[in-house]
Structure formats: C-alpha cells, structure tokens
Amino acid sequence: MNRSPATIVAAARPDADPGHRSIVPPIVVSDTFEWADPDTKPAYDYSRTVNPNRDLLVSVLAELEGAAGGAITGSGQSAALLSLLLLPAGATVVAPHDCYGGTYRLIKGFEDKGRLTARFIDLADPAALDLALAERPALLWIETPSNPLLRITDIATVAAKAKQAGALVLADNTLATPCRQRPLTLGCDLVLHSTTKALNGHGDLFGGALLTRDPALAETIQWWANAGGLAGSAQDSSQVLRGLRTLPLRVERQEVSARAVAEWLEGRGEVIQVNYPGLAAHPGHTLAKRQQDGPGFILSFRLRGGGETTRRFLAGLGLITLASSLGGFATLICTPATMTHRGMLPEVQREAGITPDLVRLSVGLEDPADLIADLGHGLACCHV
Ligand code: PLP
C-alpha cells in the first residue's frame, strides 16, 4: 500500500537501535567503524561510503519519490555533478534554457572544458525537442516548475520521447517537492533535489539527493558518490530528516499563502505578469493540475517600469528579505537576473525570458495578510 507523505515522514525510524530503542534516530558521527576481522567487510565500514543517517534519509526520500535508492550529497549542486559523472565522455546533454542558473553553469562549464555537448532548449517547443533528441543525448534534464519562470513541462510526454531516443531522463524536483510531484512515476529515471530548500525548510544547511527507480543505477550512483567523495554529512542528513517531518504541513500552508499573494498581485497595476501555476491565466495551469498535486509556494512576477522600478520596490519591503534561496520558513525575494541566474550571460538570460524586471518570491510561513501588506508598501514605492 502506498503511504501518504505525512505518514512516511512521521514514521521514519532507524531499523535498529538495540542499545536504546530511540524514537528519534541517533546521529552516528563516527568517520569509521570496527571490523570483526580483516576479511569480513561490515555493513558500515567508513562514513564517506556508507552512514546510518544518510541511509535512513535515502530510504525516506525513496519512499516519498517512488525510488529504489540513490545518494545523499553535500548540496543540490553536488547531486547535479553526480548525475553528470554517470555519463560517458563526450555525451550530449539536453537541458531547459530556463533552468536554475547553477545547473546552467555546471553543464556549460563541462561543455566549455570539452567534456560534453550541451543543448539548452525550450522543452515546450516540440520541434526543438525533436531536433535535440535526434542527436541521441545521454541525458535529458527536466526542471518543472522551472526556476524562476514557473514554466511547466509535460513530464510524461517529454520523458517518453527522450527514452525512445535512448536518453536517461532526470527531473529536478526541488520546487515541487515529492508532496506535490513524483517525476519517477511519470517516467523519469532520476530525480534530483536540493534538500537545502523546502525539504530541510529551515535555511540552516546545504544538502542534495539523487534518486532513481532502477536498483542497478542506484548502486552506480552510490559508487560514484563514494568515489568522488560527494556524500552529505550525518549531521546534515539527520537535520534534513527533522525538516522533512513537517514538509507536508509546511507545503500546504505555504501554498495557500502563495495562492493568496499571486491572486492579489494579479490585480495590481504595477505588475505586468504573474507566473504562478495555480492561476487560471498561467499557460501551464491545466498541465500543472494534471501532473502536480498543487501549484506550490514559489511565484515570480514582472514589474512595470523595468530594473529601476524593481529596485525601488525592493527597497520598500520590510518583512520580506532580499536573499537568494527558496523553500524555507521565511519569505525571500530575489531578482534572478542579478542574483540566482547571474551565471548566465545577458543574451542567454534574454532568450530564456529572465528579464531585469523579473522578481521571484518564495512564500514562507508568515501570515499571508502581513506578506500582502508588505508587498503593498513595496509597490507604493514604485511610483515616484
Ligand atoms: N536546483 C534548483 C531548482 C535550485 O533552485 C537550486 C538552488 O537554488 C539547486 C538545484 C542547487 O542547490 P544547492 O544550492 O543546494 O546546491
């Protein structure tokens, strides 16, 4: 029987803690473990390779995502690096042109060193996708909803096409979280998370995960995580699990607030466009309703008047903080063009639709009425 996310995260306990039978898993910080004899490798031998806190976190994330296994890494970016280590030299990687700036930087950096060929395309354009798949890529990267434009990719359709072309299909599920979207059940081979974001939710660590539904691929992922020393720490794994306990509750509350904020922004004259999949006017609204269990807690919008107006708006905010992360308890705002996506050249940003007047909002746990009041103060500052 499939258990609900709320039950999975509440019930997560260590398989065995015979010494104490504790409810909260102990943090096993030891770097190494004793062998009974030199010829019998114990289940736990060295914490870079294997650690009880990482194992428990993998098993919880795997159940949430419908995965067979995978690896916990030190950041979302090290999970992305791990995925590239799975590819043969000279492979082609297809990725969305409006992906997270760090993803773009990593794939482009590999291309610039001659390690792979990158194709950054609009995944919603079937002709561009067919053209890219004709090159028989080794990996197709999906990010939906995308950061920062909240574009929605039809996971099942794109994954089926890519698999027919022989590609591994990876979905970055950081924005949706497994409470709202399960890409492996829609045909993807790999799912990636920055656990730094909503999964931990408290803004106090870096972490990542790369999971797969294929048990053999899960072993290969673990092999590379160990070989490359990419594993996350026991302390961080324990803390991410602690954050996960409240993920379903936080997502529900943050989503209600995000919807209220998006609907309010839609009615404001200072705002040109609101990108939020929960709005009927969003081009991906119907698709998001089909493949997600809710529109999530991130939105972005463009302000009439360009970059200068945007600066005045930001300076007028008091409660909402200008900072580049998302998914945490505190509402954060950023200008992707100069902050999260500054690794993209201006012309690459322009092509992807990341304009200087674009603002991304990660809605946290504050009272939505207070958030709306603060945004109202900011918008009042747009008028000189
Ligand atoms: N994927 C997405 C969608 C992100 O937004 C981020 C960070 O903002 C990452 C991956 C990278 O995660 P980390 O900062 O933990 O390396």
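**Exercise 1. The ligand site**

How far does a polar side-chain atom of Lys197 lie from an oxygen atom of the ligand? Work on the predicted model, and then describe the surroundings of the ligand.

*Solution.* 
Step 1. The distance from a polar side-chain atom of Lys197 to a ligand oxygen is 3.0 Å. A pair of N or O atoms counts as a polar contact within 3.5 Å.
Step 2. Taken alone, the ligand exposes 390 Å², and the protein buries 94% of that.
Step 3. Around the ligand there are 14 residues, the closest being Gln77, Asp172, Ser194, Thr196 and Lys197.
Step 4. Thr196 places a polar side-chain atom 2.6 Å from an oxygen atom of the ligand. For Gln77, a backbone N or O atom lies 2.9 Å from a ligand oxygen.

**Exercise 2. A crossover**

Determine which elements make up the β-α-β unit that contains β2, and give its handedness.

*Solution.* 
Step 1. Strand β2 covers residues 92–96 and strand β3 covers residues 117–121; the two run parallel.
Step 2. Five bridges join β2 to β3. In one of these pairings, Ala95 has Phe120 of β3 as its bridge partner.

**Exercise 3. Ser362**

Is Ser362 buried or exposed? Locate the residue and describe its contacts.

*Solution.* 
Step 1. Ser362 belongs to strand β12, which spans residues 358–362.
Step 2. The relative accessibility of Ser362 is 1%. Buried means under 20%, so Ser362 counts as buried.
Step 3. Beyond its neighbours within four places in sequence, Ser362 is in contact with Phe297, Ile298, Ser325, Leu326, Gly327, Gly328, Ala330, Thr331 and Leu332.
Step 4. For Gly327 a polar distance can be given: a polar atom of the Ser362 side chain lies 2.8 Å from the backbone nitrogen of Gly327.

How values were computed: Residues are numbered from 1 along each chain as its sequence is written. This is a predicted model: local features need pLDDT of at least 70, side-chain atom pairs count only at pLDDT 80 or more; totals for chains, interfaces and linings use all residues. Side-chain values use heavy atoms; hydrogens and water are left out. Two strands pair if DSSP finds at least two bridges between them. Helices (H or I, at least four residues) and strands (E, at least two) are DSSP runs, numbered from the N terminus. A crossover is right-handed if, with the strands pointing away from the viewer, the path from the first strand over the helix to the second runs clockwise. Buried means under 20% relative accessible area, exposed over 50%, partly exposed in between (1.4 Å probe, protein chains only). A polar contact is a pair of N or O atoms within 3.5 Å; within protein, one must be able to donate a hydrogen and the other to accept it, and residues adjacent in sequence count only if both atoms are side-chain atoms. Contact means heavy atoms within 4.5 Å. A residue is near a molecule or strand if one of its heavy atoms lies within 4 Å of it. Accessible areas come from the Shrake-Rupley method with a 1.4 Å probe; for residues, only the protein chains shown count as cover.
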